[in-house]
Amino acid sequence: MGIRKIRDTSYSMTQRLLKKLGEGKVVGYWQSHGMYKAAELLSNEMQEYVSPYVLRYMSNKYNWKRNCNPKSAIYKGVKA
């Protein structure tokens, strides 16, 4: 088994978001608006399409957390 070649991923939307806006701003959008609305707002700010699934990938990769509304049905169902 040889050593794997390192890929250049500087062209990816994840890297472009982090470079242009910074992780703090992207996390802030994601926490306050959710995956779909944040992608729409970031698309407007970046002047190119940002997929909501890029934000899903980033939230999983960087272990982002969101506050949950205790009055939501999902919160009550999980707690029960």
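**Lysine 37**

I started with lysine 37, which sits in helix 2. Its relative accessibility is 39%, so I put it down as partly exposed. This is a predicted model, and every value in these entries is computed from it. I then checked the distance from lysine 37 to proline 52: 15 residues separate them along the chain, and their C-alpha atoms are 8.2 Å apart.

**Helix 2 and its bend**

How far apart are the end C-alpha atoms of helix 2? I got only 14 Å for 24 residues, where a straight helix at 1.5 Å a residue would reach 34 Å. I went looking for a bend and found one of about 125° at glycine 34.

I also listed what is buried along helix 2. Val26, Val27, Tyr29 and Trp30 are among the buried residues, and so are Gly34, Met35, Ala38 and Ala39. Leu42, Ser43 and Met46 are buried as well.

**The nonpolar core**

The largest nonpolar core comes to 17 residues. Which residues have the most contacts inside it? I noted Leu17, Val26, Leu42 and Leu55. Helix 1 (13-20), helix 2 (23-46) and helix 3 each give two or more residues to this core. Helix 2 supplies the largest share, with nine residues.

Beyond its sequence neighbours within four places, valine 26 is in contact with Leu17, Leu21, Leu42, Leu55, Met58 and Trp64. Leu17, Leu42 and Leu55 I already had from the list of residues with the most core contacts.

**Aromatic pairs**

I counted three aromatic pairs in the structure. For tryptophan 30 and tryptophan 64, the ring centres are 5.5 Å apart and the planes stand at 55°, so I filed the pair as tilted. Tryptophan 30 belongs to helix 2 and tryptophan 64 to the loop between helix 3 and helix 4 (73-79), so the pair ties together parts that are 34 residues apart in sequence. Are these two tryptophans buried or exposed? Both are buried.

The pair of tyrosine 36 and tyrosine 53 has ring centres 6.4 Å apart and planes at 90°, so this one is edge-to-face. Tyrosine 36 is in helix 2 and tyrosine 53 in helix 3, so here the parts tied together are 17 residues apart in sequence. Tyrosine 36 counts as exposed at 52% relative accessibility, while tyrosine 53 is partly exposed at 45%.

I also have Trp30, Tyr62 and Trp64 down as one aromatic cluster. Arginine 66 lies over the face of tryptophan 30, and I noted 5.6 Å to the ring centre.

Serine 59 is part of helix 3 (residues 52-61). Its relative accessibility is 10%, so I have it as buried, the cut-off being 20%. What does serine 59 contact, once neighbours within four places are left aside? I found Trp30 and Trp64, the two rings of the tilted pair.

Threonine 14 is in helix 1. At 9% relative accessibility, threonine 14 is buried too. Not counting residues up to four places away in sequence, threonine 14 touches Val54, Tyr57, Met58 and Tyr62. Tyr62 also turned up in the aromatic cluster, and Met58 among the contacts of valine 26.

**Positive phi in the loops**

Last, I looked at backbone angles. I placed glutamine 47 in the loop between helix 2 and helix 3, and at 68% relative accessibility it counts as exposed.

Asparagine 63 also has a positive phi, near 55°, and is a residue other than glycine. Where is asparagine 63? I found it in the loop between helix 3 and helix 4. Asparagine 63 is exposed, at 52% relative accessibility.

Notes: Residues are numbered from 1 along each chain as its sequence is written. This is a predicted model: local features need pLDDT of at least 70, side-chain atom pairs count only at pLDDT 80 or more; totals for chains, interfaces and linings use all residues. Side-chain values use heavy atoms; hydrogens and water are left out. Helices (H or I, at least four residues) and strands (E, at least two) are DSSP runs, numbered from the N terminus. Buried means under 20% relative accessible area, exposed over 50%, partly exposed in between (1.4 Å probe, protein chains only). Contact means heavy atoms within 4.5 Å. A nonpolar core is a set of buried Ala, Val, Leu, Ile, Met, Phe, Trp, Tyr and Cys residues joined through side-chain atoms within 4.5 Å. The expected span of a helix is 1.5 Å times one less than its number of residues. The bend at a residue is the angle between axes fitted to the seven residues ending there and the seven starting there. Rings of Phe, Tyr and Trp (its six-membered ring) pair if their centres lie within 6.5 Å; planes under 30 degrees apart count as stacked, over 60 as edge-to-face and the rest as tilted. A charge sits over a ring if NZ of Lys or CZ of Arg is within 6 Å of the ring centre and within 35 degrees of the ring normal.
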